[in-house]
Every structure is written in structure tokens, then in C-alpha cells.
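Keep the model open beside you as you read.

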Amino acid sequence: MECVEERLHMDKRISRVILPVGTTVNMDGGAVYGVVAAVFIAQYNGIPLSFGDFFIICLAAFLVSIGTASIPASDLAMLMLVLRAIGLPVRGASLLLTIGWLMDRFGTTVNVASDCLMVGVVSRFTNLPPRDTPETQFEPMQEEQRMIADDLV
């Protein structure tokens, strides 16, 4: 929250609502991982996927990623559920287990970036009047001086 409010200069009223909700519900990284991993395992085993299979994989990964949001490193369990949704074998999932820690970090990066993006979108389209002008809005010269002082430029 500190980075969104101080470095990106987003309104605290918006960021303090959007970020906690996004942290709980917005699990894009897990859903993307579930889909990519399931398609990889299907190709690894030489199983062709129809459009319906791909749709079911996407839906199952989306639903399971919301359900496993609060469990750290739950990607493998989520993957097993997604694979079972269309009857894919779990053979090959051990390959993904070796890079699971790295994929978990990429998923976290995607989740945090999308939460911050959502704060920016909501801030842009809600025309809230600033509550405290020095806190939420800066003059361009003041902003440039502040960035130079913070070694951001």
C-alpha cells in the first residue's frame, strides 16, 4: 500500500479498498499457471486438446485459483485439480514441481502488478475530489524535485 500511495500518488481512499480485496480475490498468476501447465502436460503426453477442453481448463483454473488464494505454494494441488477436470494424466507434473518455486514468484508478480493497475484504473475513472491536496496531488516541479531527492530519477 505504501508504494501505491507514496510512489504512484494514488488516493488512499481507493488503494485501501482495492488492494485488500484484490489480494484476496485477484489471483491471475495462479490461473495463468494452471492453464499453461495443463496445456504443457497435455502436449508432453501427446494428447490433443479440443476447444471445449481448453475452455474447461481455463474455467477450472480460474475457479481453483480463487479457492486456493490464501494457501502458499498451492500450485501443485491446484494443477492436479485442473488436470482431473478434463481427465489428463498427472504424469509430467513432477517436471513442473522442480520449477514451482520460480513460477510461484512470477505468479506473485502478476498478482501484485494487476492489483496496482486496478487501483490506477479505479482512480482514473472515479472523479473523487482530493481530500487533502498536499497528500494526493503534486505540482509537476514539486514532483520532479521529490523524485530527484528520493533517487528515483
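## Overall make-up

Of the 153 residues in the chain, 29% are buried, where buried means under 20% relative accessible area, exposed means over 50% and partly exposed lies in between (1.4 Å probe, protein chains only). This is a predicted model, in which local features need pLDDT of at least 70 and side-chain atom pairs count only at pLDDT 80 or more, while totals for chains, interfaces and linings use all residues. Residues are numbered from 1 along each chain as its sequence is written, and side-chain values use heavy atoms, with hydrogens and water left out.

The chain has 9 helices and 0 strands, and from the N terminus on the elements run α-α-α-α-α-α-α-α-α. Helices (H or I, at least four residues) and strands (E, at least two) are DSSP runs, numbered from the N terminus. Among contacts with a separation of 6 or more, 71% join residues 24 or more positions apart; contact here means heavy atoms within 4.5 Å.

## How α3 meets α4

Two packed helices are described by the angle between their axes and the distance between the axes. For α3 (residues 28-44) and α4 (residues 51-67), the angle is about 145 degrees and the axes are 8 Å apart. The axes are lines fitted to C-alpha atoms, for helices over the stretch in contact, and angles run from 0 to 180 degrees between N-to-C directions. The crossing of α3 past α4 is right-handed, a term used if the near helix is turned clockwise from the far one by less than a right angle, with anticlockwise giving left-handed.

Which residues make the contact? On the α3 side they are Gly30, Ala31, Gly34, Val35, Ala38 and Val39, and on the α4 side Phe54, Ile57, Cys58, Ala61, Phe62 and Ser65. By type, the residues of this contact are 9 nonpolar, 3 polar and no charged. Ala, Val, Leu, Ile, Met, Phe, Trp, Tyr, Cys and Pro count as nonpolar, Asp, Glu, Lys and Arg as charged, and the others, Gly among them, as polar.

## Along helix α3

The buried residues of α3 are Gly29, Gly30, Ala31, Tyr33, Gly34, Val35, Ala37, Ala38, Ile41 and Ala42. They pack against α4, α5 (75-86), α6 (93-98) and α7 (100-125). Just after α3, Gly46 has a positive phi of about 75 degrees.

The structure holds 1 aromatic pair. Phe40 and Tyr44 form this pair, stacked at 6.1 Å centre to centre with 25 degrees between the planes. Rings of Phe, Tyr and Trp (its six-membered ring) pair if their centres lie within 6.5 Å, and planes under 30 degrees apart count as stacked, over 60 as edge-to-face and the rest as tilted. Both Phe40 and Tyr44 lie in α3, 4 residues apart, about one turn of the helix. An α-helix has 3.6 residues a turn, so residues three or four places apart point the same way. Phe40 counts as partly exposed because its relative accessibility is 33%, and Tyr44 is partly exposed at 48%.

## Gly30 and Met78

Buried or exposed: which is Gly30? Gly30 is buried, with a relative accessible area of 14%. Leaving aside neighbours within four places in sequence, Gly30 is in contact with Ser65, Met78 and Asn111. The C-alpha atoms of Gly30 and Thr68 are 8.7 Å apart, although 38 residues separate them along the chain.

Met78 lies in helix α5 and counts as buried at 2% relative accessibility. Not counting residues up to four places away in sequence, Met78 touches Gly30, Tyr33, Gly34, Ala61, Val64, Ser65 and Thr68.

## Two loop residues

Asn26 lies in the loop between α2 (12-25) and α3, and counts as buried because its relative accessibility is 18%. Beyond four places in sequence, Asn26 touches Val21, Asn111, Ser114 and Asp115.

His9 sits in the loop between α1 (2-7) and α2. His9 has a positive phi of about 55 degrees although it is not a glycine, and is buried, with a relative accessible area of 18%.
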